[in-house]
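We will go from stop to stop, selecting residues and strands as we go.

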Amino acid sequence: MLTTTVQGRTWNFNHAIGHLAIAGEGFLFPYSVVTNDSGFMYVLNRSPDPKEDDGNKRTQPNFKRIGKWKLDDEFVSDFAQNDIMWPVSLAVDEKGFLYCTDEIKNKVLKYNSEDKKISEWGIEGSGKGEFSKPAGIASDLGGHLYVVDAGNNRIQKFTGDGEFIHTWGEFGSGLGQLNDPWGITVDSQGFVYVADWGNDRVQKFTGDGEWLQNFGVSSPDALRLDHPSDVAVDSEGDVYVTDWGNKKVQIFDSDGEILTSLYGDATELSRSAQNFLEINQDYYKAFKRAKDKSRLGIFERPTSISITRDDRIIICDTSMQRLQVYDKEKGYMDPEFNL
């Protein structure tokens, strides 16, 4: 077991999930991950970023899908292939409804627990309830949805049925201003955290948009964020940021002090990758010939992060076509030493 310990906290690497595949037990650029209280995990497969004018954003919908998994690493099904065009992010609310943003359609799509689309809303624009490239999405305990309206550099708040409530934010680098924001989360107290991608920081707000705090801007230069893509908060208030540009996950305490970083530890094959290689012996032989596998375990472009109520941390290791799973140990105490 690979372990990271600092300031009375410890994180254990658990396992990797998935491998490169266009359907089923693998991933094709996993872009967002969320879990629910019923023991399921949803993974958004976005497919490769298109070359200029190749039409990939609007075609090959079967490559873009939502995969449903049990949290014990059992694949269940794929769905939404015919619904999504260029999806960005997933969220689950307290009632178990799943939401997906689509930056080409400029919509939010809503699914029930049977994975059927039951509604969608949004049109392109800058008015109330309109979107320009919606990105991150999150739900609070009251069932309100917060959508990162990236092209308009603002956050919009809705009911679970898409009724507009409130908006805040504008382009800029000042407090409360945003520059191409991406990921978002809401903690158990209702505070909203936004990955302010273009400003290399995470901002914390009240649920009504009052600025409270920045993360990542006061760190030493070597630890400063570089285009953070997502953010999550665990049960003890520690804040996790997928530091996309630096290819790691940075962990802060609730005061914004840096605790440690996770760099990726998936040096062992996932279950599905092992099965794939056993069937494809030429690939398996090539893998076994690699003497130093440490580089195989590190993050390439971590994009999304989700944390379960019992502090299991699931990270989309997007460019490596897998998820990496960590557990935060509860009640850890530093060992005592006799002097």
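**Stop 1**

Select Phe205. This residue of the predicted model has a relative accessible area of 0%, so it is buried. The rings of Trp168 and Phe205 make a tilted aromatic pair. Their centres are 5.5 Å apart, with 50° between the planes. Colour the strands next. Trp168 belongs to strand S14 (residues 164–168) and Phe205 to strand S17 (residues 201–205). The pair links parts of the chain 37 residues apart.

**Stop 2: the other ring pairs**

How many aromatic pairs does a search of the whole structure find? The count is 16. Take Phe27 with Trp69, one of them. This pair is tilted, at 5.5 Å centre to centre and 40° between the planes. Phe27 sits in the loop between strand S2 (9–17) and strand S3 (30–35), while Trp69 is in strand S5 (residues 65–70), so the pair ties together parts 42 residues apart in sequence. Buried or exposed, where does Phe27 fall? At 1% relative accessibility, Phe27 is buried. Trp69 is buried too, at 1%.

Now select Tyr99, Trp121, Phe131, Phe158 and Phe164 together. Ring pairs link these residues into a cluster.

**Stop 3: charges over rings**

Select Phe191 and Lys204. Lys204 lies over the face of the Phe191 ring, 4.6 Å from the ring centre. Then move to Trp244 and Arg301. Here Arg301 lies over the ring face of Trp244, at 4.3 Å from the ring centre.

**Stop 4: cysteines**

The structure holds 0 of them. A disulfide is a covalent bond between the sulfur atoms of two cysteines. Two cysteines to click on are Cys100 and Cys316. Cys100 has a relative accessible area of 0% and is buried. Cys316 counts as buried as well, at 0% relative accessibility.

**Stop 5: a four-stranded sheet**

Switch to the cartoon view. Which order do the 4 strands of this open sheet follow? The order is S7-S8-S9-S10, with antiparallel pairing. Find the edges: strand S7 (87–92) and strand S10 (117–121) each pair on one side only. On average, neighbouring strands of the sheet are turned by 20° against each other, direction ignored.

Zoom in on strand S9 (residues 107–111) and S10. They pair in the antiparallel sense over 4 bridges. Show the side chains of Tyr111 and Lys117. Tyr111 stands opposite Lys117, which is in S10.

**Stop 6**

Select strand S23 (residues 302–307). S23 and S24 pair in the antiparallel sense over 5 bridges. Pick Pro302 and look across. Its bridge partner in S24 is Asp317.

Finish at the turn. What separates the strands of this hairpin? There are 4 residues between S23 and S24.

How values were computed:
Residues numbered from 1 in each chain as written. Predicted model: local features only at pLDDT ≥ 70, side-chain atom pairs only at ≥ 80, totals over all residues. Heavy atoms only, no water. Phe/Tyr/Trp six-rings, centres within 6.5 Å; stacked < 30°, edge-to-face > 60°. Helix = DSSP H or I, 4+ residues; strand = E, 2+ residues; numbered from the N terminus. Buried < 20%, exposed > 50% of the residue type's maximum accessible area, 1.4 Å probe, protein only. Lys NZ or Arg CZ within 6 Å of the ring centre and 35° of its normal. Disulfide = S-S within 2.5 Å. Pairing = 2+ DSSP bridges. Axes fitted to C-alpha atoms, helices over the stretch in contact; angles between N-to-C directions.
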